[in-house]
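Please open the model in a viewer and keep the selection panel at hand.

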There are 4 protein chains.
Amino acid sequence: MNRNIVVAEATGTSIEDRPVEIVERKGIGHPDSLCDGIAERVSVEYTRWCEENLGGALHHNFDKVQLVAGEVDVGFGHGQVIKPIRIQIAGRGTPETPDGRKVPMDTIAIEAAKAHIRETMKYLDPNRDCIIECYAGRGAGELISVVDQITANDTSFGASHWPLSGLENCVYQTAQHINYDLLDQFPIGEDVKVMGCRTGDEIVLTCAVPFIGPELKDHTEYEELKSAVQAAVQKYADGLDKRSVTVYVNTADNAEKGDAFLTVTGTSAENGDDGSVGRGNRVNGVIAPFRSASLEAAAGKNPISHVGKVYNVMALLAAQDIIEQVSDIGAAHVYVLSQIGMPLDQPLVATATVRAKNGTLTDSAREQVQAVLDAHLSDLSGIRSKLANQEITLY
Amino acid sequence: MNRNIVVAEATGTSIEDRPVEIVERKGIGHPDSLCDGIAERVSVEYTRWCEENLGGALHHNFDKVQLVAGEVDVGFGHGQVIKPIRIQIAGRGTPETPDGRKVPMDTIAIEAAKAHIRETMKYLDPNRDCIIECYAGRGAGELISVVDQITANDTSFGASHWPLSGLENCVYQTAQHINYDLLDQFPIGEDVKVMGCRTGDEIVLTCAVPFIGPELKDHTEYEELKSAVQAAVQKYADGLDKRSVTVYVNTADNAEKGDAFLTVTGTSAENGDDGSVGRGNRVNGVIAPFRSASLEAAAGKNPISHVGKVYNVMALLAAQDIIEQVSDIGAAHVYVLSQIGMPLDQPLVATATVRAKNGTLTDSAREQVQAVLDAHLSDLSGIRSKLANQEITLY
Amino acid sequence: MNRNIVVAEATGTSIEDRPVEIVERKGIGHPDSLCDGIAERVSVEYTRWCEENLGGALHHNFDKVQLVAGEVDVGFGHGQVIKPIRIQIAGRGTPETPDGRKVPMDTIAIEAAKAHIRETMKYLDPNRDCIIECYAGRGAGELISVVDQITANDTSFGASHWPLSGLENCVYQTAQHINYDLLDQFPIGEDVKVMGCRTGDEIVLTCAVPFIGPELKDHTEYEELKSAVQAAVQKYADGLDKRSVTVYVNTADNAEKGDAFLTVTGTSAENGDDGSVGRGNRVNGVIAPFRSASLEAAAGKNPISHVGKVYNVMALLAAQDIIEQVSDIGAAHVYVLSQIGMPLDQPLVATATVRAKNGTLTDSAREQVQAVLDAHLSDLSGIRSKLANQEITLY
Amino acid sequence: MNRNIVVAEATGTSIEDRPVEIVERKGIGHPDSLCDGIAERVSVEYTRWCEENLGGALHHNFDKVQLVAGEVDVGFGHGQVIKPIRIQIAGRGTPETPDGRKVPMDTIAIEAAKAHIRETMKYLDPNRDCIIECYAGRGAGELISVVDQITANDTSFGASHWPLSGLENCVYQTAQHINYDLLDQFPIGEDVKVMGCRTGDEIVLTCAVPFIGPELKDHTEYEELKSAVQAAVQKYADGLDKRSVTVYVNTADNAEKGDAFLTVTGTSAENGDDGSVGRGNRVNGVIAPFRSASLEAAAGKNPISHVGKVYNVMALLAAQDIIEQVSDIGAAHVYVLSQIGMPLDQPLVATATVRAKNGTLTDSAREQVQAVLDAHLSDLSGIRSKLANQEITLY
């Protein structure tokens, strides 16, 4: 059966030509990102357990995790968690197989959350600093046969674009650089937030970077290290775009009051910032309000039949492949729409809105784009295995 | 001081000319909508208490509420809640005023949630069917002086468009019609979901409508009533757009298996569907993936200084006023960007991207649009009082 | 089969002849009593539901309820609950019948708790002032056939004595008088505590009586009403024993500091006093440390097979019947010991230690006592129906 | 000021001469014992923190801990926790010192609970198998000056006797032997229960001993090991009393059905047995229903001013010293009664009811007994430091 694939030409102002652009990335230690990461890890570990123990997947949907901030006592040279962070895992799973075998759903979920925190956060100890609870309830109980045709669980859609705009790229790379490189060089935590604003050809990156109070002597040392972090980020960001980039760090500090962004655990979840799944970065890693995107939270949903997860990831991968494989195309925005009850590989419509580098979309390019979409729709199992192996970060 | 207001002309394909469009509205009884409604009501009641008892507002942010589904036993002619719905209110408030006076934050929050449920849901009893807990913690404690200049709490933005597209309007009106009119005529609940899909000139509205099990005799009666609901919705929807509209109701029912969408309380929150703030409708009432929108959850945030709330509402109101007051303009999309620490009425930039009815944006129209934006930026207290009086639904 | 019933003569000093005696009663609104009452009501309502819907009882054990105190803001002329009381019902029940029918265990438990509070407390509103959660888990699932022989679920025992000593009677009657009579005459609550101490022939009753802050104008009115309550209790207590009785009320008040025992809801559970099942009064209504008693919490256990409940109640009823029916006997202490796995009506041994009024236990009296015990052991269903109809207060 | 100390002669039948005696000990891994141990450890660690950081103690009362059983999947050769055990710490403490310093009450409480479990249980991992929450609230905030006179917080009392009866000793020693010696020799857990019944001169000890499912191959191995445990206990118990002792192990097993007492973690808290403070052993280590005892839960209360803790421990220590130091005395039962507001070392009355070995209480022995009581009342700080150093097990 032929798939309904539509390739259209992008019209209107390109994102790079807009006068103003704003983009944000919440770092991996931001409360919302932590919730996304935990939700997804629960799904991964639950799926793994089912594969290993039951030889197949079980329906689930763990896309609801709420983080309630704790309370700390922190200052220069000291710090202590007064009240642990509370992590409330919700969602649906299958506590028992059709033949009566118990599935350790709560244990899997809680251990997955701890594993995520342990592997993501340098200073936050999931056992000491968090209380993790699983409120997940009973969902539909059937074993999903992945051999059979999988049908869409909902009328929904996925959407993503590629490449990232210059600003989006700046924001994304800068946040990752702080999270993965600077973390080893400075006494800082993972709850980084990079807000990028482009006005014409000027890019401003405003970075919030938490410092670790117990590791610092006094306010003087804080200011010195903050300057050093600013310099390091500025140096890194200079090479990211052809336009000028200016970096600010912790601008909310009121120097006169001696304010400082100090934490014990590297995340503001410790003292005043709550989090939730689906409230942070989209699957391409950024929040870009001038772009259209899916509101669906991909993290935590089951990778077998859940449109909100499978189609969002597919849209991103397809857009990336279009740019990589179709040399004429400079930008692609992919939408995939499901129809409840229809096979997942037969969407209502899959659309790529593309922009040719030289301004005109050739028939050949159009066919190549179509082929990329078709290939992705034929390879749902490829997406599932990428998700199972955590090769795709959804936030 | 002059404000930085930019009026630009919309380019590219208009939403009505796109070949495919998809729009969704989650009804007022959907678990995500319930969370939005509860979060906002908590903010409203907390603000009211502070005004009445302290003569001013206190910082707060109740934009995190998680709903964990309950469990029911339901069938034709009977139904019972087995395990109550669990509602977990999180966020930050001020449990004590600067001069040591206790603020009944938990009590206000829980009572506000109950009030929202009581006034929204016909069959769901907040005392009998829900366990409502307040995990909200201590935030910054200062009293906000609304006389003084309010500064933005974050670098963030608001975005909204007006008018709704033909499909958006169909979806919105249909959902509201079921929620507010048909509810009185049929034994149905509020957890309605309308998914609209337009392909060319054909509009399809797929409606999920929960029936109240105890009120129905048997499957025959269910099928009869479902047909009657379908007919009523079809009749109503026929007049909503000049294009053809086809209405489906509860298509997920498998007739052979005798499936039916039955509930005890009118919401799937009772048995398997969790909810969270900010995961449902945008401030204009719909989810429109082909449009750009803010990801910020407006519900529950404080109406004094929180950009994610104030600017989103302002963007919607300004876009509506542009359409109403500037006769040449057929469509407007407003973005307002804040800069942390700057006065809220002095955004980094406020932009309206407008489409002239006759294709050309005149200088006069441009000036009128600019004036509308300026007026809204000068009247933050108007927005706050609309929010305080619940004149604006944020979802 | 003959039962192993032993009737022995009491030796040693009678309770009335001890130089010092101390007895306590926690009133019906004390946090521990509330927990006992809730636990028992859950058992009663669960049993009732099973009888009505399943035609039989299901195993359960709801003898664990913890109350976590709330927080209030209270003073003369005003009062408000800041943070609700948290009631944590634990224990075991059967969420599903053997044939797959769901039992609304959580709903029954929570509604039972509310019913108990509503019927016991004048000022405490279970919906407004409490958060009630059910953590009860799955126990053994079999339906108990009450037609068949019931066997003891444990090697355990029940113990009780009758009559109450003079001091025990004073303490019990006084607490009940305040709880049931004075409550209608004064602005006071149910969290009464009466501590009785007898030294030789002098009885002192120290009563803690909570006043309702919002109902009082000022400290002067408090002192006046406290004196009036003291006078009323003194008058009532004067007739209770042949020995002199002195009554004190709220002696912990420090007059100089202006202390007062004020509450909003009538119980200190509102602000600082936690509670738990089995930590308060024994089945005869008092805590009498110079007497031997069972440590088992009777409240909440299933009335069919749980020795800790059935034998404790039986011991009390049998002791009462001995005093009533065997005119020669002035005091009786009954112990009934079970053996796990043996029929409940065939205890390992049932003992009555009795004291003859004239000092000598006659053979006739001994036989009558034996007959009373035998009759009670033959009438387990009588005990069960008394419990089902709430004719026996277990605390 | 002279203390009111009364020494009386015991009358009536001695415990050893009663025809029937029943005594129980819940092992250190029983859910109730775990709650007692956790409550006490929280008090110890909280006191330690305050001493180290504030130079003094803070009022507290952590005598409420509820354990909600988890769920496991266990069999021969395998076992897994499906749902963690939930431990709910309640009570009152001081979250902030008078000068505004934060006290990490929640963190101390949770870490203390984990430390207790880690040091008590071989197979139960507090991080992996438990969810530990602290619901403790704010109590009175003053720093207790231990230099000043401490006054009783309540009208209450302590009571204990020494020596243990022959049966009490058998039960206690046997449980400890299994808990501390056999645990290293067999694949068994700590949730041991020893129920002792003496009928005339025959002692029967019925022991419940949990086996560790994953460590056992099959039912045959279980039966073999159970016999070996029975033999080991029988051998040990033979030497404990001059009367004959018969030992049974896991009599509830139904051999035909292949029943076995299997656990994953060594405690039935993992699957169906809830626990609570104050529902298990008294301060002398046993539950002896034929003896009078205090109902107060000593564990978790503050060791400075709480009568329910200090006087119960004092009663036990004084009774032990009487037996050790006054050679004429064969048995002692000590009661100490407080009067609220009076100095703790000036009880209303302290009574020792003693039984002389040769039947007659001499004046000299009476004086020595009085001196022992007086010495203990003069040395409250000795009791406090014993409690602080965990030299006394309260259950």
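Begin by selecting chain C and chain B: a rotation of 180° with 0.0 Å of shift along its axis superposes chain C on chain B, with an RMSD of 0.1 Å. This is the relation of a two-fold axis. To find the axis from within chain C, select N127(C), whose C-alpha is the nearest of that chain to the axis, at 3.1 Å. Copies are superposed by least squares on the C-alpha atoms of residues with pLDDT of at least 70 in both.

A note on the model and its numbering is needed here. This is a predicted model, in which local features need pLDDT of at least 70 and side-chain atom pairs count only at pLDDT 80 or more, while totals for chains, interfaces and linings use all residues. Residues are numbered from 1 along each chain as its sequence is written, chains are lettered from A and ligands numbered from 1 in the order in which they are written, and side-chain values use heavy atoms, with hydrogens and water left out.

Next, select the residues in contact (heavy atoms within 4.5 Å) between these two chains. Chain C contributes 24 residues and chain B contributes 24 residues. Of the interface residues of chain C, 100% are also interface residues in chain B, so the copies meet through the same surface. Together the two chains bury about 1900 Å², of which 45% lies on carbon and sulfur atoms; buried area is the accessible area (1.4 Å probe) that two parts lose on being put together, summed over both.

Now display the side chains of K102(C) and E71(B), which meet in a salt bridge at 3.5 Å, N to O. The rule for a salt bridge, a side-chain nitrogen of Lys or Arg within 4 Å of a carboxyl oxygen of Asp or Glu, finds six across the interface of chain C and chain B.

Which element gives the largest share of the side of chain C that touches chain B? Select α2(C), which provides six residues. Helices (H or I, at least four residues) and strands (E, at least two) are DSSP runs, numbered from the N terminus.

Finally, turn to chain A, which can be laid on chain B by a turn of 180° and a shift of 0.0 Å along the axis, with an RMSD of 0.0 Å. In chain A, select G12(A), whose C-alpha is the nearest to the axis, 1.7 Å from it.
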